[in-house]
Amino acid sequence: MSLIETRDLSLSYGGQVVLQNVNFRIDRGEIVTIVGPNGSGKSSLLRALIGALTPSGGEVIRAAGLRIGYVPQKLQIDATLPLTVQRFLNLPHRQSSATLDAALARAGVPELAKRQMSDLSGGQFQRVLLARALLGSPDILILDEATQGLDQPGAAAFYRQIEEVRTEMNLAVLMVSHDLHVVMAASDRVLCLNGHVCCEGAPEHVADAPEYRALFGTGTQGALALYRHDHDHDHGHGHSHDHGTR
């Protein structure tokens, strides 16, 4: 039984079709990444999966009692508000110190509990959001462009942390990302969207697919370079096929 599955899912906004006939499933232990150009329906698909959008056609089937951890693209917190990481993680429900410590350790930032949220770097802030998503021991972790605003080494480190979390907690990970050069190495499966599923499969299969190349150009073989080595490459190489995906 999949954790989440869609059958012929269609979504519309104000009479305009955003997604059509999407068949998708994700199982425990998998890392699946959704890529696609701006306006291709990536975030809409995530919102339908978590139940925030009602399908105009088809259905979303979730495993009974499914627990979802969600990491948003960004979160605005008033910089003048005195709010420690510990206090932030205790909103809206108080957690035990052991639970908080375990979540921060899993997110790779065990030392941040007493720090002010307003003092965190971009990378630290995203790790705290990750810790928050892990508090409820989710079956699936959903990340919506969670590395936007991080530099390439920071993004690669964040994805490595996600891989460790997947292994430790045996959960599924579903990400929307535009970091093609990182995604290709960090994912078990890639789903390419553009209003419908253009292509899907293992990263190397998708990178060779004509539908993917039509969207992202042919310079994407570089995307398969091991992301751990990515920041050693010329940065221009990594970004040449980035811009078309935002």
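**A strand and a surface patch**

Student: What stands opposite L174 in β7?
Tutor: I142 does. Keep in mind that this is a predicted model.

Student: Which strand joins β7 by 5 bridges?
Tutor: That is β6, residues 140-144. β6 and β7 run parallel.

Student: And what joins β3 to β7?
Tutor: 4 bridges do. β3 covers residues 31-35, and this pair runs parallel. In it, I31 stands opposite V173 of β7.

Student: Which way do the residues of β7 point?
Tutor: A172, L174 and V176 point one way. V173 and M175 point the other way. All are buried. In a regular strand, side chains alternate between the two faces of the sheet.

Student: What do β6, helix α5 and β7 make?
Tutor: A right-handed β-α-β unit. Helix α5 spans residues 152-169.

Student: New topic, the surface. Which residues form a nonpolar patch there?
Tutor: I50, I68 and Y70. Together they have about 210 Å² of accessible area.

Student: Where is I50?
Tutor: In the loop between α1 (42-49) and β4 (57-62).

Student: Why does I50 count as partly exposed?
Tutor: Because its relative accessibility is 32%. Partly exposed lies between the cut-offs: buried is under 20%, exposed over 50%.

Note on methods:
Residues are numbered from 1 along each chain as its sequence is written. This is a predicted model: local features need pLDDT of at least 70, side-chain atom pairs count only at pLDDT 80 or more; totals for chains, interfaces and linings use all residues. Side-chain values use heavy atoms; hydrogens and water are left out. Buried means under 20% relative accessible area, exposed over 50%, partly exposed in between (1.4 Å probe, protein chains only). Helices (H or I, at least four residues) and strands (E, at least two) are DSSP runs, numbered from the N terminus. Two strands pair if DSSP finds at least two bridges between them. A crossover is right-handed if, with the strands pointing away from the viewer, the path from the first strand over the helix to the second runs clockwise. Patches are made of residues with over 30% relative accessible area and no salt bridge: like charges are joined within 9 Å, nonpolar side chains (Val, Leu, Ile, Met, Phe, Trp, Tyr) within 5 Å. Accessible areas come from the Shrake-Rupley method with a 1.4 Å probe; for residues, only the protein chains shown count as cover. A salt bridge is a side-chain nitrogen of Lys or Arg within 4 Å of a carboxyl oxygen of Asp or Glu.
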